[in-house]
Amino acid sequence: MSGEEMLARRFEEHRPHLRAVAYRMLGSLSEAEDAVQEAWLRLNRSDAGAVENLGGWLTTVVGRVCLDMLRSRTTRREDPLHDQEGRVRLPDPVVSRADGLDPEQEVLLADAVGIALMVVLETLPPAERLAFVLHDLFAVPFDEIARVLGRTAAATRQLASRGRRRVQGVVPAPDPDPARLRAVVDAFLAASRGGDFAALVDVLDPEVVARSDGGALLPSPVRRGAAEVASQAITFARLAEAARPVLVNGLPGVVALAEGRAMSVMAFTVRDGRIIALDILTDPERLARIDLSAVVDDD
């Protein structure tokens, strides 16, 4: 085996981990792939033989690439959760069959990175997001992160701490019993299909937030409060009828299918038996880029 082939094999061993880092940093599966590919190109341009810890080196390179991509993104819009047209920009969901993740998805979502966490990460400034993701989610030492940011280790520690405070209290700890979560989602769908306003309000937290990328499902990108969200849910009973159970980022969710094509993906965040957040992706272009083959083929 040549040196180039050996280097390629070693890189492929790290690829799943690098994709996981880039996905948490960018919230986009396609951009995460681009960042990983850029890391491969930089590895080829470097003196790989002098790299003692290839995994650590690649992780910091991917972090640096993602940081540049995030900074470029923020120059194009002021609000990290909205695009230039004012629509909500939801992170890409990872959709799998309701009976479990495949091995590649398990690596990608190893630390239970639900949509709720991804939404909060979208609100963090780039440097804060990098410090929190690399340290808290991937245990990269602060001195290594500091070199990526061009800051001191102490300043980097403060950035991670700020990110941690924003996440805590907003993202609930996942319920260890998936069946309980699925029961809440099923209750929401049953009430939507039946137009049962009272049952919908009962399954929704009083302060529930529903976010959508727009379209016919939720023309207003953000709705708040159980009554408002319940009223809107009744209007898309047709989509509830077409919904089938899936896992969205490892947690119970639904995808609505029509003639084998996805019309929407819904991710639910549940706390104490009630839905506190509902994130809905309806953009046809983005849905077309998401791998739903396992779900659609099972139709």
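Entry 1: I began with tryptophan 40, which is buried, with a relative accessible area of 18%. The cut-off for buried is under 20%, so tryptophan 40 falls within it. I note here that the model is a predicted one. I then looked up phenylalanine 11 and found it buried as well, with a relative accessible area of 1%. By the rule for ring pairs, I have two aromatic pairs in the count. Phenylalanine 11 and tryptophan 40 form one that is tilted, with 5.0 Å centre to centre and 50° between the planes. This pair links distant parts of the chain: phenylalanine 11 sits in helix H1 (residues 3–26) and tryptophan 40 in helix H2 (residues 29–44), 29 residues apart.

**Entry 2: the other aromatic pair.** I looked up phenylalanine 188 and phenylalanine 268, which form an edge-to-face pair at 5.4 Å centre to centre, with 70° between the planes. The pair ties together parts that are 80 residues apart in sequence, because phenylalanine 188 lies in helix H9 and phenylalanine 268 in strand E6. I found phenylalanine 188 and phenylalanine 268 to be buried.

**Entry 3: the sheet.** In what order do the strands of the open sheet run? I read seven strands in the order E1-E4-E5-E6-E7-E2-E3, with mixed pairing. Strand E1 (95–97) and strand E3 (222–224) are the edge strands, and each pairs on one side only. From one strand to the next, the twist averages 30°. I followed strand E2 (residues 204–212) to E3 and counted three bridges in the antiparallel sense. Arginine 211 has valine 222, in E3, as its bridge partner. Helix H9 (residues 178–194) lies across E2, strand E4 (243–248), strand E5 (251–258), strand E6 (261–271) and strand E7 (274–281), and runs at about 35° to E5.

**Entry 4: helix H11.** Which residues of helix H11 (residues 226–235) are buried? I listed Ala226, Val229, Ala230, Gln232 and Ala233. Seen down the axis of H11, these residues fall within an arc of 165°, so they line one face of the helix. I checked what covers them and found that the cover includes H9, helix H10 (197–203), E2, E3 and helix H12 (237–241).

**Entry 5: nonpolar cores.** The largest nonpolar core has 49 residues, and I noted Tyr23, Met25, Leu43, Leu130 and Ile145 as those with the most contacts inside it. Two or more residues each come from H1, H2, helix H3 (54–74), helix H5 (115–122), helix H6 (126–137), helix H7 (142–149) and helix H8 (153–167). H1 gives the largest share, nine residues. Leaving aside neighbours within four places in sequence, I found tyrosine 23 in contact with several residues, among them Leu29, Pro93, Met118 and Asn249. A second, separate core has 27 residues, including Leu189, Val203, Ala226 and Ala243.

**Entry 6: two positive phi values.** Most residues other than glycine have a negative phi. Asparagine 249 has a positive phi, near 55°. I placed asparagine 249 in the loop between E4 and E5. Is asparagine 249 buried or exposed? At 2% relative accessibility, asparagine 249 counts as buried. Aspartate 272 also has a positive phi, near 55°, and is found in the loop between E6 and E7. I read 77% relative accessibility for aspartate 272, which counts as exposed.

Key: Residues are numbered from 1 along each chain as its sequence is written. This is a predicted model: local features need pLDDT of at least 70, side-chain atom pairs count only at pLDDT 80 or more; totals for chains, interfaces and linings use all residues. Side-chain values use heavy atoms; hydrogens and water are left out. Two strands pair if DSSP finds at least two bridges between them. Helices (H or I, at least four residues) and strands (E, at least two) are DSSP runs, numbered from the N terminus. Axes are lines fitted to C-alpha atoms, for helices over the stretch in contact, and angles run from 0 to 180 degrees between N-to-C directions. Contact means heavy atoms within 4.5 Å. Buried means under 20% relative accessible area, exposed over 50%, partly exposed in between (1.4 Å probe, protein chains only). The arc is that of the directions from the helix axis to the C-beta atoms. Rings of Phe, Tyr and Trp (its six-membered ring) pair if their centres lie within 6.5 Å; planes under 30 degrees apart count as stacked, over 60 as edge-to-face and the rest as tilted. A nonpolar core is a set of buried Ala, Val, Leu, Ile, Met, Phe, Trp, Tyr and Cys residues joined through side-chain atoms within 4.5 Å.
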